[in-house]
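Subject: Structure handover and findings

Hello,

Here is the structure for you to look at. My notes follow below it.

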Amino acid sequence: TYVVTDNCIACKYTDCVSVCPVDCFYEGENMLVIDPVECIDCGVCEPECPADAIRADTEPDMEKWVTFNAKYAALWPVITEAKEPMADADSLDGTPGKLDTHFS
Ligand code: SF4
Ligand code: F3S
């Protein structure tokens with residue numbers, strides 16, 4: 001599976017949802033996640049994210065993000081169409097540790 005990681009937080013560029021063939025992105029207040037069960041591992045979303053927030057779970061230290069994505073995919077509504085990024089997306093892109101400081 002692919003997963004969304006912390007640099008999506010407070011950015012939500014949403015380019016990713018436009019390309020997913022199975023519509024498996026789910027939207028929280030300030031972040032998107034992928035449903036790891038629905039994701040067919042096609043990989044097309046990964047290069048589309050301007051924040052470089054999407055990762056393959058085969059990369060190191062991704063276990064916690066698979067768990068995180070699965071948890072919130074079950075709670076949040078599906079998002080199938082791109083929308084405007086969050087207001088501070090460009091200025092917060094790349095801020096380290098956003099899970100602790102900007103996730104809600
Ligand atoms: Fe969707 Fe493919 Fe990305 Fe999985 S890897 S979330 S199926 S675009
Ligand atoms: Fe987030 Fe990147 Fe998609 S910032 S909303 S994972 S395009």
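First, a term for what comes later: a residue is buried if 20 or more other C-beta atoms lie within 10 Å of its own, exposed if 12 or fewer, and partly exposed in between, with C-beta atoms placed from the backbone. This is a predicted model, in which local features need pLDDT of at least 70 and side-chain atom pairs count only at pLDDT 80 or more, while totals for chains, interfaces and linings use all residues. Residues are numbered from 1 along each chain as its sequence is written, and chains are lettered from A and ligands numbered from 1 in the order in which they are written.

Confidence

pLDDT is the predictor's confidence in each residue, from 0 to 100. Its mean over the protein is 98, and 100% of the residues reach 70 or more. Helix α4 (residues 98-101) has the lowest mean among the elements, 97. Strand β3 (residues 32-34) has the highest, 99. The model scores are ipTM 0.98 and pTM 0.97.

Overall build

The protein has four helices and four strands. Helices here are DSSP runs of H or I with at least four residues, strands are runs of E with at least two, and both are numbered from the N terminus. The order from the N terminus is β-α-β-β-β-α-α-α.

The C-alpha atoms fill a box of roughly 30 × 30 × 25 Å along the principal axes. The radius of gyration, taken over C-alpha atoms, is compared with a globule rule of 2.2 Å times the number of residues to the power 0.38. For 104 residues a compact globule would come near 13 Å, and the protein has 12 Å, which agrees. Of the 104 residues, 36% count as buried.

Two residues are in contact if their C-beta atoms, placed from the backbone, lie within 7 Å. Take the contacts with a separation of 6 or more: 81% of them join residues 24 or more positions apart.

The two ligands

A residue is near a ligand if its C-beta atom, placed from the backbone, lies within 6 Å of it. Ligand 1 has 13 residues around it, and Y2, C20, C39, C42 and C45 come nearest. Ligand 2 also has 13 residues around it. There the nearest are C8, Y13, C16, C49 and A51.

For the shells, Ala, Val, Leu, Ile, Met, Phe, Trp, Tyr, Cys and Pro count as nonpolar, Asp, Glu, Lys and Arg as charged, and the others, Gly among them, as polar. The shell of ligand 1 splits into eleven nonpolar, one polar and one charged. The shell of ligand 2 splits into ten nonpolar, one polar and two charged.

Helix α2

Which residues of α2 are buried? They are W65, F68, N69 and A73. Seen down the helix axis, these buried residues fall within an arc of 120°, so they line one face of α2 (the arc is that of the directions from the axis to the C-beta atoms). Their cover includes β1, β2 (25-27), β3 and β4. On the other side of α2, E63, K64, T67 and K71 are exposed.

Most residues other than glycine have a negative phi. A10 has a positive one, near 70°. K12 has a positive one too, near 50°. A10 sits in the loop between β1 (2-4) and α1 (15-19), and K12 lies in the loop between β1 and α1. A10 is buried because 24 other C-beta atoms lie within 10 Å. K12 is buried because it has 25.

T58 is in the loop between β4 (54-56) and α2 (63-73). Why does T58 count as exposed? Because it has 9 C-beta neighbours inside 10 Å. T58 and A73 are 15 residues apart along the chain, and their C-alpha atoms are separated by 20 Å.

T101 lies in helix α4. T101 is exposed, with 12 other C-beta atoms within 10 Å. T101 and I9 are 92 residues apart in sequence, but 9.5 Å apart in space, C-alpha to C-alpha.

E27 lies in strand β2. With 18 C-beta neighbours inside 10 Å, E27 counts as partly exposed. Setting aside neighbours within four places in sequence, E27 is in contact with L32, W76, P77 and I79. E27 and D93 are 66 residues apart in sequence and 18 Å apart in space, C-alpha to C-alpha.

Best wishes
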